[in-house]
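Welcome! Open the structure in your viewer, and let's walk through it one selection at a time.

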Amino acid sequence: MYLEIFGARGSYPVSGREFIEYGGNTTSILINTDNISVIIDAGTGIINLSKSQKLRQKVYILFTHYHFDHIIGLPYASFIYSNKVDPIIYGPSILDVTAADVVNLMSLPVFSPFNIIEKGINLSFNAIKDGDTIGAGSLKITAIHSPAHPRGGVLIYKIEEREKSVVVATDTEGYVGGDKRLIDLSFKADILIHDAQYTEEEYPKHQGYGHSTPRMAAEVALSAEVKKLILFHHDPSHTDTIIREKEKRARKIFPETTAAYEGMALEL
Ligand SMILES: [Zn+2]
Ligand SMILES: [Zn+2]
């Protein structure tokens, strides 16, 4: 299994000298399994992912939810228009809106100079919901729904292949004592990628916004006994210095912590 982060920023993309180390593109993660490339979310990071030449022929794009920062790169991901790639989009129905509905909306003439679905002739759509497992061969993907994100919640995904596992829990807010379902899902996982948008000091002002702090992420990692924690979905106001500090604080609770940065690559 090969994992690479192409976008680690939350809310909206940023650029500038103070964001060089961690990057400014919004969320997109590539996980290459034996036969299938799995992409979690299509923030602006998916544009560089698309250019990376690392994709297999078969690609699953898994949407956690459809807030702008998780979808905005999709129309510019050139592979979805290539006849050499078979992309299948999996997404939840949120407030009765499916992934196909979202891409249709993005294709409206008022938003886009072309129709994404007409141009992406190989693109297909599948529904996925809480408790579902999908996969092929040795690959297994499990989805659970977290209600701890405003206006419909998100899906958390676990990607497993031959004893290796990665859990992606972005856009979710911590609970007192930790999210028990998330702890169960990620128990002994190799990697937990967890939302850590706010510093502990910022959090009280943003309680209920559906995002976590480094401490919340680290406490879940500790309870779940994962091998490695990756802090994810950095606030757009957070400079490299602030993110480094978030990492330092999380390491006091869970030493095997790294703050996600663009280009972070791990071989499992
Ligand atoms: Zn987000
Ligand atoms: Zn969101």
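Begin with the largest pocket of this predicted model, which holds about 580 Å³ of space. Select Tyr 66, Phe 68, Ile 71, Val 102 and Leu 105: of the 21 residues that line the largest pocket, these are the closest to its centre.

Next, colour the lining by class.

Now show the helices α2 (68-71) and α3 (99-106), each of which supplies at least two residues of the lining. Which of the helices gives the most to the lining of the largest pocket? Pick α3, which contributes three residues.

Time to move to the metal. Select the zinc ion (ligand 2) and show what coordinates it: His 65 through NE2, His 67 through ND1, His 149 through NE2 and Asp 171 through OD, at 2.1 to 2.5 Å. Along the chain, these donors follow the spacing H-x1-H-x81-H-x21-D. If your viewer can display angles, look at those among the four donor atoms: they run from 90 to 173°, and the site is irregular.

His 149 sits in the loop between β8 (139-146) and β9 (154-161), while Asp 171 sits in the loop between β10 (164-169) and α5 (180-185), so the pair ties together parts that are 22 residues apart in sequence. Are these two residues buried or exposed? Both His 149 and Asp 171 are buried.

Definitions and conventions
Residues numbered from 1 in each chain as written. Chains lettered and ligands numbered in written order. Predicted model: local features only at pLDDT ≥ 70, side-chain atom pairs only at ≥ 80, totals over all residues. Heavy atoms only, no water. 1 Å grid on protein atoms, 1.4 Å probe; cavity = no way out; pocket = protein on both sides within 12 Å on 5 of 7 lines; lining within 4 Å. Points joined across faces, edges and corners; volume = space filled by probe spheres on them. Helix = DSSP H or I, 4+ residues; strand = E, 2+ residues; numbered from the N terminus. Donors = N, O, S within 2.8 Å, 3.2 Å for Na, K, Ca; no water. Tetrahedral: all angles 85-135°; square planar, octahedral: opposite > 155°, others 65-115°. Buried < 20%, exposed > 50% of the residue type's maximum accessible area, 1.4 Å probe, protein only.
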